[in-house]
Structures are given as structure tokens and as C-alpha cells.
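These entries record what I looked up, in order: a helix and what covers it, the salt bridges, and then the pockets.

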Amino acid sequence: MTTPYSQLTHRQVWLEQEPEEVRIHYVEAQPPAGTETKGTILLIHGFPETSYQFRHVIPPLSAAGYRIIAPDYRGAGYSSRPTTGYTKKILATDLHTLLTEKLGIKDPVHVVGHDIGGMVAHAYAHLFPSSCASLIWGECPLPGTTVYDTYKHHPALWHFSFHSVPNLPELLTTGHERQYLKHFYDRLAQNPAAYTEADLDFYESQYSAPGAMRAGFE
């Protein structure tokens, strides 16, 4: 039976309190007592999602012997939404600080990123190679590559340009967060039916919170 997201272990830490609060919420799971520990896996979510997207894989991965850390990166989910700091370099540095300084994880970790989280995962491995045991990323073109430069303005990726327009995306999506998010789930998921009404309710509550869509567009 799947463990509900609310019943997983949730924690939060403060990386900064001035000039703006940077508070990172994360889900953690430890291997069962008596299980051989195989290391730590860092799960980095994409957009428009949060650590909630990993709720089905966290229990089996921890049962297999891994310590799991699944954060909501800066601006997403239950984490704070500062006005700046949304480059992939800064997002990766936030997560490295979370693991090494706040959680005391000194051994290299397995880094897994999906969508925007894949870009953050790549930045993590590039910036902190000695802290990275392995890297898995998917469903994202990497900034700086020929593929990214070729397709970032492709009609299929219209939202890349739309999200970069100052203030307009927030104006047009306010009050329509559910419909906007569902567009991506319906269009890009292999199995759109996997997103239940309860999932949509959760994501709508997360992304309709003050500043959430603005942070997502950064």
C-alpha cells in the first residue's frame, strides 16, 4: 500500500533569514532498522510539481536501503518564495547547503532530477562533483547545449518564452492555476489519468498560494 504524502516525514530548515528568508521544506525517509545502508538519494522535482511527485517512489527506495531526501526547491511547494535566487546554480547550491551543512551528509549522494529538476541536478554535479556519487536526469534539455538553444523557442515549448515575460504570466494565470497546471499534465504526461482529482487539488493549493506562480515562472 502506498504511504500518503502527508504521512511521510516532513521537515524544514532555514538557509538564510536575511535579507530574505530562504526556508527549504523536504521529505525524508530512512532505511528500515537493520537494513544495510546503500547511501543517500537526492530527488529534485520539476515544474509544475513539488516533492509530492516522488511520493510513490520514496517508500520503496528507502526500503531498498537508501536514505531519501526530496526537497521542495526554493520557491516551490512548502518552501519559501524569495524574490530572487532562481538560477540553476543557486538552486543547486541551496540543496548542497541543505545536505552538507544542515543535514550533515558528507558522503557523495545519488542525484536524481526530473524536468527543471534535471537542470538543477546537472548544475549540482557540475558545481559539487565530489559530493555527487551518480547523476540521473530526464525530460529536460540542458541550458547551454545546442539542443536547448535550438528548441527553447520552438512552438512546443511556448511556455519558456511566456514565463519569461515580466508580470504578465502571473496576471493571466491568477484564479486559473488549476486549468494552467492541468494543461501540462494532460499534454506532457504519458498517462494523464495518473493525475487524480486529489492530485490536482493538492497542486492547485500549492501553486495558488501567494507568490507561488511568480516563483515558478522565475
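I take contact to mean heavy atoms within 4.5 Å, and buried to mean under 20% relative accessible area. I note at the outset that the model is predicted.

**Entry 1: helix α7**

I first asked which residues of α7 are buried. I found Glu 177, Arg 178, Tyr 180, Leu 181, Phe 184 and Tyr 185. I then looked up what covers these buried residues, and the cover includes α5, α6 (168-173), α8 and α9. I also checked the length of α7: at 1.5 Å a residue its 12 residues should span 16 Å, and the end C-alpha atoms are 17 Å apart, which agrees.

**Entry 2: salt bridges around Arg 178**

I counted nine salt bridges in the structure. Arg 178 meets Glu 197 in one of them, with an N to O distance of 2.7 Å. Arg 178 belongs to helix α7 and Glu 197 to helix α8, so this pair ties together parts that are 19 residues apart in sequence. I recorded a further salt bridge between Asp 201 and Arg 178, whose closest N and O atoms are 2.8 Å apart. That pair also links distant parts of the chain, Asp 201 in helix α8 and Arg 178 in helix α7, 23 residues apart.

Is Arg 178 buried or exposed? Its relative accessibility is 18%, so I count Arg 178 as buried. Asp 201, at 42%, counts as partly exposed. I traced a network of salt bridges that links Arg 178, Glu 197, Asp 201 and Glu 204.

**Entry 3: the pair Glu 28 and Arg 67**

I looked up the salt bridge of Glu 28 with Arg 67, where the closest N and O atoms lie 2.7 Å apart. Glu 28 is in strand β2 (residues 22-29) and Arg 67 in strand β4 (residues 66-72), 39 residues apart. Both Glu 28 and Arg 67 are buried.

I found about 1300 Å³ of space in the largest pocket. Its lining has 50 residues, and Phe 47, Pro 48, His 114, Asp 115 and Ile 116 lie nearest the centre. Elements that give two or more residues to this lining include α7 (177-188) and α8 (197-207). By class, I recorded 28 nonpolar, 12 polar and 10 charged residues in the lining of the largest pocket.

The second largest pocket holds about 150 Å³. Which element gives the largest share of its lining? I found that α3 does, with five residues. Among the lining residues of this second pocket are Lys 88, Met 119 and Leu 142.

Methods
Residues numbered from 1 in each chain as written. Predicted model: local features only at pLDDT ≥ 70, side-chain atom pairs only at ≥ 80, totals over all residues. Heavy atoms only, no water. 1 Å grid on protein atoms, 1.4 Å probe; cavity = no way out; pocket = protein on both sides within 12 Å on 5 of 7 lines; lining within 4 Å. Points joined across faces, edges and corners; volume = space filled by probe spheres on them. Helix = DSSP H or I, 4+ residues; strand = E, 2+ residues; numbered from the N terminus. Nonpolar A, V, L, I, M, F, W, Y, C, P; charged D, E, K, R; others polar. Expected span 1.5 Å × (residues − 1). Buried < 20%, exposed > 50% of the residue type's maximum accessible area, 1.4 Å probe, protein only. Salt bridge = Lys/Arg side-chain N within 4 Å of Asp/Glu carboxyl O.
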